[in-house]
Amino acid sequence: GDAIHVRRQAADLGVRVRVRRMDVPALARASRLGLEAEARSARYRFLEEAALSEGYTQVVTAHHRDDQAETLLLRLLRGTGPGGLSGIAPSRPIRPGSPVRLVRPLLAYPRSEILDYLGRRSLSWLSDPTNEDGSNLRSVVRQGLLPWLGEGVPDCSRRLGTASDLARTLRAAWARIARECVPVKGPTLTLGPGGTPPGGILRERLLQVLPADGPPLEREDVRRTLDALRRGRGRVDIGSGWSAEVEGRGARLTLIPPGLPSRGSDPEPLSLPCPGEVRLPGGIVVACRPAAPGPIPTDPMEELIDAAGSPAPHQVRFAREGDRFRPLGYAAEVMVG
């Protein structure tokens, strides 16, 4: 019925339509997400594919100020932090790394104004019945909590929207502070002696360093990581197969991808042919190749060694305390501490 409505309205406006049917319950069973979460994910995947195939760089949705207020109330009820209080972003990549942006130009307008605009222009619209039938928490907030708050707090949705704007500004500041205060070298975050940061700053920095498909970093994961930092030792499971290993009290935190053994387990060295490569657990590749002309690479995952100073055969293993090496351009050796 929704698809028929959209096709008719698009024909009146002279707009092309693309419709796809998906078995969302089957997708939800396969992904182990809830039905609503999988439906949302499937919609955005379809919108991104459609945009890319047509050469568009933006997808526009009609989220409005009441949606923002509902989202903020729902996240407050779940005990969210500054990230959740940021609410619905006015603009963001439709997924991490995508060239397509998701844009929401109606966030500043309440639902009543939008419906009034449509009514004055004799434009029809659709409403999602699940938002009004009390079958989920969002519909309870929409039909009960938000109207009740509006009776006692004039312009409630605008005030909640302002709170989301402030939280978004705060989170941007946290992100900047996290980048400045927690240096990163490869997979290791350097915190300094006694430098255990606040949980929010640590989570922000971890999210900056981890890949987009990495762990969600729930509050309990961050709390256990902070506990390990205060103890100065330990390996913490942070979800999705990832772990964080602590070396020294509040000093260093190394992120370990799925399948990679602990640094402390010190597996046997592997022989590295040159030219050639060795594939380590966790998908890490160590390669040896002839030097290429041009500038020295700045990729933190790529290092240069002096072939004349370290003749074959080569072996690869984790660093051990007491190992020595001489960085390019240094006159003295550096010892691994």
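1. In this note, a residue is called buried when its relative accessible area is under 20%, exposed when that area is over 50%, and partly exposed in between, with a 1.4 Å probe and protein chains only. The model is a predicted one, in which local features need pLDDT of at least 70 and side-chain atom pairs count only at pLDDT 80 or more, while totals for chains, interfaces and linings use all residues. Residues are numbered from 1 along each chain as its sequence is written, and side-chain values use heavy atoms, with hydrogens and water left out.

2. The protein chain comes to 10 helices and 14 strands, these being DSSP runs numbered from the N terminus (H or I of at least four residues for helices, E of at least two for strands). Of its 337 residues, 29% are buried, and the chain exposes about 21400 Å², of which carbon and sulfur atoms supply 56%; accessible areas come from the Shrake-Rupley method with a 1.4 Å probe, and for residues only the protein chains shown count as cover. Among contacts (heavy atoms within 4.5 Å) with a separation of 6 or more, 49% are between residues 24 or more positions apart.

3. The search of the whole structure finds one disulfide, a term that here means a pair of cysteine sulfur atoms within 2.5 Å. Cys-274 is joined to Cys-288 with an S to S distance of 1.8 Å, and the torsion about their S-S bond is about -50 degrees, so the disulfide is left-handed. The two cysteines lie 14 residues apart, with Cys-274 in the loop between strand E9 (270-272) and strand E10 (276-279) and Cys-288 in strand E11 (residues 285-288). Cys-274 is partly exposed at 43% relative accessible area, whereas Cys-288 is buried at 12%.

4. Helix H4 (residues 65-77) has 13 residues and spans 19 Å from its first C-alpha to its last, close to the 18 Å expected, where the expected span is 1.5 Å times one less than the number of residues. Because 10 of the 13 residues of H4 are buried, the helix is largely enclosed by the rest of the structure; the buried residues include Arg-65, Asp-66, Asp-67 and Glu-70, as well as Leu-72, Leu-73 and Leu-74. Just after H4, Gly-79 takes a positive phi of about 75 degrees.

5. Val-17 is found in the loop between helix H1 (2-13) and helix H2 (24-31), and this residue is partly exposed, with a relative accessible area of 37%.
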